[in-house]
Amino acid sequence: MKATPSLPGEPTLTPLTAEQLRAVASPAHALEVRAGAGTGKTTTLAHRLARLSADGAPEHRLLAVTFTRDATAALGRKLGGLLGRDHQVRVSSFHSWAARELRPEAPRFLDADEPRRIILRALQRRPAPAAFSYALGAGGGEDVTARVLGFLSYARNAEVTVGEAILRQFPTLASWQDILEGLSERYQDAKADRLDFDDLLILFRDRLKRSRALRDEVTGRLDHLAVDEYQDVNRAQSEIVHLLTTKTSRLPVTVVGDPRQSIYGFRGGAPSHLDAYLKAYGKRGERAPLTVSFRSTRAIVDAGNAVLPDAYPLRARPRAPKGIHPLVVGFEDARAEASAVADHLAGLLAGGAQPEDAVVLVRARGLAARYVEELMDRRGEDVLRRVPIRTIHAAKGLEWDHVVLLGAREGGLPSEHALRAPQEAQKALLDEERRLLYVAVTRARKSLMVTYPRTASRFLAPLTVGQVAPAVPPKR
C-alpha cells in the first residue's frame, strides 16, 4: 500500500498509509483499530490522539490506557514527538487509572509484597506436598507463592470459583482443588477488607455500575478514551470501557487490538472481548483494520498468515524483501537442539549481527535454563550469552532481526496442560497456544528458526513445506 502524507496541519513522525489515515481521521463515536503485528499501531494511536487535539480537544482531556509500563513509555514517546515533550495527554495503565479514581480508598490498599507474604505464611502453616509445587510448575518456595497468586488472580479477574478456574485454565491442578480452595479462603481471611491489585479493577467497575454520578464525574473530565491492546482486557476492564462509553455515558472511544495476539488467558483476557466490542455501539461504531506490516520480510509475513489465517491477513510493505523462508528443524533430543541453536546464533554473529539483534524465545522458563546450560559448556563463546532469552509472553510487543523459537514440540507448544485439559476446556486452550506461535513468528524482522526435539508441534505443519528436518543435528 502506498504511503500517504499526514493530514493537513498535523505534526508527523512518519508518513501514514491510507489505512492508518482512515483510523486517525475516523469520526466514529466508537472506533476499533484492528492492528496486525508490526502494522504501526502505536504510531497510529498517537496520531489519532494528536489529531483529536488539533481538532480542539484539550490534551489533558484525552486519556490513553495501556497494559504495561513499556507500552505506556512507547506511546508517551510517540506523543512527545508529535505534541512536544511537555504534552498533557494522560497515558496510564488500567490499574493506575483505577487507583486514581479510587484514591479515597488508598489507606485500604495492601502494600505490593503483602499478598506474597500472606500465601507464604499459609504454606508454612500447612505445607503442601512436593507434587503440588510440581503441578504448579514451580521450583522453589518463592515460585510456589507466585504461582498460587497467579492462579488466584485469574479466578478473581475471570470472576469464577476455584473449581471453574481449574476447569477453564488450569486443568493440571484438578487433583489439588482442595488445597487451592483452602489457600483462597486463607488469603481472603487475611486480606479482610483491604484491597489488592485485582480488587482495584473490580471495585472501580462495581462503583461505576452503581453510580450514575460517578460515571458522569469520570466522563465529565474526558473528551476521548483510547485503550491499547484491547484483545488482552479481562471482563472487568471491558465492562469499565462500556460503562463509560455506551448507553447513559457518551464518551467517545478508540480501542486498538488484534485477536490473533490474545495470549493472556491466564489473566482473564480473551479475544472475544475485542470480537464483540463493536456490537455494543451499532451504527456509531466503525472498524479500521491495519494490515500492512512494516516489520517483517514477505516470507515471515506469509509464515504468520499460514500459522493463523484471519479475515484481515497481514501484507508486507510494498518494497519489503522476500527474505529467506523460516527454517524448521527437528532434533533427536533437547540437548542436541540447544547445541544447534547455539551454532546457528554463532553463525549469525560471525556474519555481522549484534547480540541484541537476535533473541531465543521459549514457551516456558524451564527451556531457557536448559539452553543456558548448553551455552555454559561452550567456553570461549561468551558473546552468545548476551543474546537475550525470553518467554513468548515477555516478547510480545517487541521485535528482533533474528528470532529462534526453541522447543516447538507437542507438550511444549501446545503445552502439556492444554493437551490434558477436559474436552470442554481444551479448544480454547489450544487456540491460545496457536496464538502464542503466531506471536513468536511475528517478532522476526529478517530470519526465523523454529526447532523441536523429536515430535513437532501440530501447529508447525504450515511452516514445514520445503524444509528439511534431520533426525540428528549437524556436527559442530
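**Notebook: loops, sheets, a helix and a pocket**

I started at Glu-159, which lies in the loop between α7 and α8. Helices (H or I, at least four residues) and strands (E, at least two) are DSSP runs, numbered from the N terminus. The model is predicted, so I kept in mind that local features need pLDDT of at least 70, that side-chain atom pairs count only at pLDDT 80 or more, and that totals for chains, interfaces and linings use all residues. Residues are numbered from 1 along each chain as its sequence is written, and side-chain values use heavy atoms, with hydrogens and water left out.

**Backbone entries**

I looked up phi of Glu-159 and found a positive value of about 55 degrees, although the residue is not a glycine. Its relative accessibility is 28%, so Glu-159 counts as partly exposed. For these classes, buried means under 20% relative accessible area, exposed over 50%, and partly exposed in between (1.4 Å probe, protein chains only).

Arg-454 also has a positive phi without being a glycine, near 65 degrees. I placed Arg-454 in the segment after β15. Arg-454 is exposed, with a relative accessible area of 67%.

Next I checked a cis peptide bond, which joins Leu-413 and Pro-414 with omega of about 15 degrees. Pro-414 sits in the loop between β14 and α18 (416-419).

Another proline, Pro-107, lies in the loop between α4 (94-101) and α5 (114-125). Pro-107 counts as exposed at 75% relative accessibility. I noted that Pro-107 and Arg-194 are 87 residues apart in sequence and 8.5 Å apart in space, C-alpha to C-alpha.

**The six-stranded sheet**

I traced an open sheet of six strands in the order β5-β4-β6-β7-β3-β8, with parallel pairing. Two strands pair if DSSP finds at least two bridges between them. The edges are β5 (90-93) and β8 (285-287), each with a single partner strand, so one side of each has no neighbour in the sheet. From one strand to the next the twist averages 15 degrees. Axes here are lines fitted to C-alpha atoms, for helices over the stretch in contact, and angles run from 0 to 180 degrees between N-to-C directions.

Inside this sheet, I found four bridges between the parallel strands β4 (residues 62-66) and β6 (residues 224-227). Val-65 has Val-227 as its bridge partner in β6. Helix α3 (residues 69-83) packs on the sheet and touches β4 and β5, and its direction makes about 170 degrees with that of β5. Contact means heavy atoms within 4.5 Å.

**The five-stranded sheet**

The other open sheet I followed has five strands in the order β11-β15-β14-β12-β13, with parallel pairing. Its edge strands are β11 (327-331) and β13, each pairing on one side only. Neighbouring strands are turned by 25 degrees against each other on average, direction ignored.

I looked at the pairing of β11 with β15, which is parallel and has five bridges. There, Gly-330 has Tyr-452 of β15 as its bridge partner. Helix α15 (residues 334-350) packs on the sheet, touching β11, β12, β14 and β15, and its direction makes about 160 degrees with that of β15.

How many residues of β12 (residues 358-362) are buried? I found five of five. Ala-358, Val-360 and Val-362 point one way, while Val-359 and Leu-361 point the other way. Four bridges link β12 in parallel to β14 (residues 400-405), where Ala-358 is partnered by His-402. Three bridges join β12 to the parallel strand β13 (residues 389-391), where Val-362 is partnered by Thr-391.

**Helix α14**

I counted burial in helix α14 (residues 298-307): seven of its 10 residues are buried, so it is largely enclosed by the rest of the structure. Among them are Ile-300, Val-301 and Val-307. The buried residues pack against β9 (292-293), β10 (315-316), α19 (423-441) and β15 (444-453).

**The second largest pocket**

I ended with the second largest pocket, which holds about 440 Å³ of space. Of its 21 lining residues, the closest to the centre are Tyr-154, Arg-168, Gln-169, Gly-269 and Ala-270. A pocket, on a 1 Å grid over the protein atoms alone, is an open set of points where a 1.4 Å probe fits, with protein on both sides within 12 Å along at least five of seven lines; lining residues have an atom within 4 Å of a point. Grid points are joined across faces, edges and corners, and the volume is the space filled by probe spheres set on the points. The largest share of the lining, seven residues, comes from α19.
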